[in-house]
Amino acid sequence: MENLIALLVAAPLVGAALLLCGGKRLDRTGHLIGSLFAVASFAIGVALFADLLGRGAEDRTLHQYLFSWIQVGGFRADAAFQLDQLSMTFVLLITGVGSLIHIYSIGYMEHDERRRRFFGYLNLFLAAMLLLVLADNYLLLYVGWEGVGLASYLLIGFWQHKPSAATAAKKAFLVNRVGDMGLSIAIMLMFTTFGTFAFGPVLAATGETSEGKLTAIGLMLLLAACGKSAQVPLQSWLGDAMEGPTPVSALIHAATMVTAGVYLITRSGAIFNAAPDAQVAVVAVGAVTLLFGAIVGCAKDDIKKALAGSTMSQIGYMILAAGLGPIGYAFAIMHLVTHGFFKAGLFLGAGSVMHGMNDEVDMRRYGGLRTYMPVTFITFGLGYLAIIGFPGLSGFFSKDKIIEAAFAKGGTEGWILGGAALLGAAITAFYMTRVMLMTFFGEKRWDPDTTHPHESPKVMTIPMIVLAVGSVFAGGLFSVNETFVKWLEPVTSFEHGHSPVSATTVTAATMVVLVLGVGLAWAMYGRRPVPATAPRGSLLTRAARRDLLQDDFNHVVLVRGGEHLTRTLVYLDHSLVDGAVNGTAASMGGLSGRLRKLQSGFVRSYAVQMLGGAAVLIAATLLMRGV
Amino acid sequence: MNPVYYLYLAALLFTIGGAGVLIRRNAIVVFMCIELMLNACNLAFVTFSRMHGNLDGQIIAFFTMVVAAAEVVVGLAIIVSIFRTRHTASVDDASLMKL
């Protein structure tokens, strides 16, 4: 079975190569080829999953060695794969959700003349993402990491004729680059510390390494995770990334790629467990981002940007859980999977709404759509209930566990983190209810003469239905007998946290804040009509509409700061460096001009110089003798 | 007779020669002054040879004579050549490589 692992990556890679090199001949069938390869990869994934289930819990790690990639002296990098419970979970999520979104895109991108290319990029993304989660060393993981960055760039800027899309793609690429630098530094540190960067030896050797080095590696890994997973302070690209086609937002910027940071931290769990300072940084980033994203999500009128804020916030939950150590890893991944279902479903629902509304994204121009798009309404509604943590649905199980684990961190820290997570849950309930009410309820705020809302074709609704089913049942299924935790335990290890408050209390508190959030949203957007143009709003609302001034901050600090820095450097270059070089040249010239005068051509002056020289020599000899 | 007097004479001759080289402009005179300095040295060598009772100084004096003879041949040839082209034997006038 080991030999199938490479096929997982190879299938979408072949698809991408075919579609991107095949030219116009494949224009008519490109979408089918692309979907076929995605589904094939999913089928291989399922076969491997069945194989793993047939083995004992300790025997579920498969390795496949392909070839020795680079070998120079003591430096050795292999192209080799490792499939264990953690990567298996990701493989199923990536290929499963990926296949559904491929199928959905057949309908969504039907009228786009570059559809073949779109499917090529989607396949490329799948291949890179699978490489990322299947690599058995950090260097190969880095290849996948860069690959998904490239695919993300290509897909955000897919409608490159729009300047906003082209700019957004560039922005995403540049911000990701900062994170990637963190990952490359982490890999270099690993090599100098451990002499290798394969998962096995590195993670096994954390016990014998100084905590300072591990903290440095951990912080660099966190920087990488911040870039890829849009966490504060590298969060600014995700909102703009919504310029890409909606299936891309669903697959890459909600369900899979942005969770790569969580994968990285969970995979490197042994490093973080041994570096408590780095863990504190991780939970701080997670807690700040979960509130940041939630607040941004409350103020956005663009349905996709509201969902993007939500994504940021939910990934904040995962990062927070991953930072809690063994009490949180399994829940981070569990929330990641359930989030993959409901957030992909929500994005596909948003895409379906846009499809029926002439690509309108402003929720203030929606309203009352539930009767026009019943399937979209029901699937979106189920996703909505799942994300706010309605009892019995996926989000309830996974988020509740994270809040509980946050309290179990212990001490003041536990109370702060738990409080932030609870507050985040309340805001989540508020902004998701707002999205729901503004889109599907209330009076119609669109022009019936130009807009004719209609349900999307079956090829789009069926993936939405499948994801909605996942959003409803996945969480419950994972939680029965702690199936999911037991499945992951051999890789991530697991401890029960000792929470100062009982699980029932946490659940009750979650329910209370849930009701508060929903009630507040209903009072603001359900009971009163929603104005079609945005009111001015409070200072916080206006700041949140501008993504809490993230771009202004970046502009003032980074762009202006960078400009000042370069100007200073140019000035220093001109005055100091050039000054030193030119000064040396000028002084040499002046000195030579003077020295040249010694060679006058008058023999007698040479004779005087010789005499003087001889006198000096004699005097020196005598002096030396005297001494 | 005290050999040191010869050394005084050698020093006097050397000084006269040196002053001539530095002061006179005529190439022939400068040349003769150089010969004077060489011979003052020879005198000193021979005197030292006598004082120390070995022959090293005398041998060096012979060497100096040979070198001086060779030098005279080359030097006079150069002087004659310069005189032919510049119609003067002044060393100050020949301060440039070109005419």
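**From a buried glutamine to the chain interface**

Leaving aside residues up to four places away in sequence, Gln64(A) touches Glu2(A), Asn3(A), Ile5(A), Ala6(A), Ala80(A) and Phe81(A). The model in which these contacts are found is a predicted one. Gln64(A) belongs to strand S1 of chain A, which spans residues 62-72, and because its relative accessibility is 9%, under the 20% limit, Gln64(A) counts as buried. A polar atom of its side chain lies 2.8 Å from the backbone nitrogen of Ala6(A).

Leu134(A) and Tyr138(A) are the residues with the most contacts inside the largest nonpolar core, which has 189 residues. Apart from that core lies another, of 6 residues, with Val21(B), Val30(B), Cys33(B) and Met37(B) among them. In soluble globular proteins, nonpolar side chains tend to be buried together.

In one of them, the side chains of Glu243(A) and Lys162(A) meet with an N to O distance of 3.5 Å. Glu243(A) lies in the loop between helix H9 (236-240) and helix H10 (246-255) of chain A, and Lys162(A) in the loop between helix H5 (138-156) and helix H6 (163-194), so this pair ties together parts that are 81 residues apart in sequence. Lys162(A), at 30% relative accessibility, counts as partly exposed. In another salt bridge, Asp551(A) pairs with Lys171(A), the closest N and O atoms being 2.9 Å apart; because Asp551(A) lies in helix H23 (residues 550-596) and Lys171(A) in helix H6 of chain A, the parts tied together are 380 residues apart in sequence. Asp551(A) is partly exposed, with a relative accessible area of 30%.

A further salt bridge, between Arg604(A) and Asp92(B), has its closest N and O atoms 2.6 Å apart. Arg604(A) lies in helix H24 (residues 603-626) of chain A and Asp92(B) in the segment after helix H3 (56-86) of chain B, so the pair joins two chains, and both Arg604(A) and Asp92(B) are buried. Across the interface of chain A and chain B there is 1 salt bridge by the rule applied, together with 3 residue pairs in polar contact. The contact takes 7 residues from chain A and 9 residues from chain B, and the area buried between them is about 720 Å², of which carbon and sulfur atoms give 61%.

Notes: Residues are numbered from 1 along each chain as its sequence is written. Chains are lettered from A and ligands numbered from 1 in the order in which they are written. This is a predicted model: local features need pLDDT of at least 70, side-chain atom pairs count only at pLDDT 80 or more; totals for chains, interfaces and linings use all residues. Side-chain values use heavy atoms; hydrogens and water are left out. A nonpolar core is a set of buried Ala, Val, Leu, Ile, Met, Phe, Trp, Tyr and Cys residues joined through side-chain atoms within 4.5 Å. Buried means under 20% relative accessible area, exposed over 50%, partly exposed in between (1.4 Å probe, protein chains only). Contact means heavy atoms within 4.5 Å. Buried area is the accessible area (1.4 Å probe) that two parts lose on being put together, summed over both. A salt bridge is a side-chain nitrogen of Lys or Arg within 4 Å of a carboxyl oxygen of Asp or Glu. A polar contact is a pair of N or O atoms within 3.5 Å; within protein, one must be able to donate a hydrogen and the other to accept it, and residues adjacent in sequence count only if both atoms are side-chain atoms. Helices (H or I, at least four residues) and strands (E, at least two) are DSSP runs, numbered from the N terminus.
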